[in-house]
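Got the sequence and the 3D view ready?

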Amino acid sequence: ELPTNADRAEWEHALLRVQTAWKEVIPVVEEFRCLPFPKHFRRIEKLTDTHPLSFFIASDNDEGVPLLAITEWLVARQNELVRVANDARRYTPVEVSSSTLKPHDLINFSKDAMMRFLLERCVAHGHGGALQLDIPLLEAFLQTTFLKPSIQIEREPFTWLGDAGAKVEVKTALAQKPLEHEVRQRLRAEIKTASVASVCLEKVTMASAFIVKAGAALSSEQAGRTLLAEYLQNVLME
């Protein structure tokens, strides 16, 4: 059944990381696409699971702007550190696409980690108790820590329901089979008006877009057994 407890735990962890990034980055982002960063987003102190899903899908427009701005800001900071570390070693930076990025490609470092290394490895008391700092050792440690790939952001724009030219092919993510005769008859009996059919089509199209975007993250066998109603209710919260 989708989602599992493990899925929910992963989503909650991801939400926590987005909240942390929002808190740290949004106050320092000054512009986006050469324009001042929208002030109304700064008034949002914390993203929660009550915010529309559009806030959590990076986009060049509307509510997706903050997350894309956060992503680009963080990537720029990593690439700056990578460049400095490679210049110090006279290396040529390795570049990796964001679409194939792995956790070990990211700089995961904190001020606390630096201070811990500094106190444990770089500080000594010399003659007469004078404090001595091994700055070259600290520099070498930081250079090694920051020798990560340079990130090239590559992403496909999310196709929202109603977007011009939107075409969703669920069969690219899940195996398809014809509806049984009984199911077709029930659909014809229950969907009696064009307005009801239109609402149903919107729901199916929206679900299809998310399924296609999930792609390899889905378990084809498990997802293939999930009823559309369950997916809409439990995953998309419709």
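What follows goes from the overall picture to a pair of helices, some aromatic rings and a few loop residues.

First, some ground rules. This is a predicted model, where local features need pLDDT of at least 70, side-chain atom pairs count only at pLDDT 80 or more, and totals for chains, interfaces and linings use all residues. Numbering starts from 1 along each chain as its sequence is written, and side-chain values use heavy atoms, with hydrogens and water left out.

**The big picture**

The chain has nine helices and six strands. Those are DSSP runs, numbered from the N terminus: helices are H or I with at least four residues, strands are E with at least two. Of the 238 residues in the chain, 26% are buried. Here buried means under 20% relative accessible area, exposed means over 50%, and partly exposed is in between (1.4 Å probe, protein chains only). The accessible surface comes to about 17,000 Å², and 55% of that belongs to carbon and sulfur atoms. These areas come from the Shrake-Rupley method with a 1.4 Å probe, and for residues only the protein chains shown count as cover.

How much of the contact count with a separation of 6 or more comes from residues 24 or more positions apart? The share is 70%. A contact, by the way, means heavy atoms within 4.5 Å.

**Two crossing helices**

Now find helix 1 (residues 5-25) and helix 3 (residues 65-89): their axes come within 10 Å and cross at roughly 75°. That makes helix 1 roughly perpendicular to helix 3. The axes are lines fitted to C-alpha atoms, for helices over the stretch in contact, with angles from 0 to 180 degrees between N-to-C directions. Angles of 65 to 115 degrees count as roughly perpendicular, under 35 as roughly parallel, over 145 as roughly antiparallel and the rest as oblique.

Which residues make the contact? Helix 1 brings V18, A21, W22 and V25, while helix 3 brings P66, L67, I70, W73 and L74. By class, that gives nine nonpolar, no polar and no charged residues. (Nonpolar covers Ala, Val, Leu, Ile, Met, Phe, Trp, Tyr, Cys and Pro; Asp, Glu, Lys and Arg are charged; the others, Gly among them, are polar.)

**Rings**

There are five aromatic pairs. Rings of Phe, Tyr and Trp (its six-membered ring) pair if their centres lie within 6.5 Å; planes under 30 degrees apart count as stacked, over 60 as edge-to-face and the rest as tilted. F37 and F41 form a tilted pair, 6.1 Å centre to centre with 50° between the planes, and both are buried. Ring pairs also link F109, F117, F141 and F146 into a cluster.

**Loop residues**

Most residues other than glycine have a negative phi.

D62 is in the loop between helix 2 (39-42) and helix 3, and R90 is in the loop between helix 3 and strand 3 (95-97). D62 and P38 are 24 residues apart in sequence and 9.8 Å apart in space, C-alpha to C-alpha.

S59 also lies in the loop between helix 2 and helix 3. Is S59 buried or exposed? S59 is buried, because its relative accessible area is 17%. Leaving out residues up to four places away in sequence, S59 touches F32, G64, V65, L68 and R155. S59 and R155 are 96 residues apart along the chain, with 9.7 Å between their C-alpha atoms.
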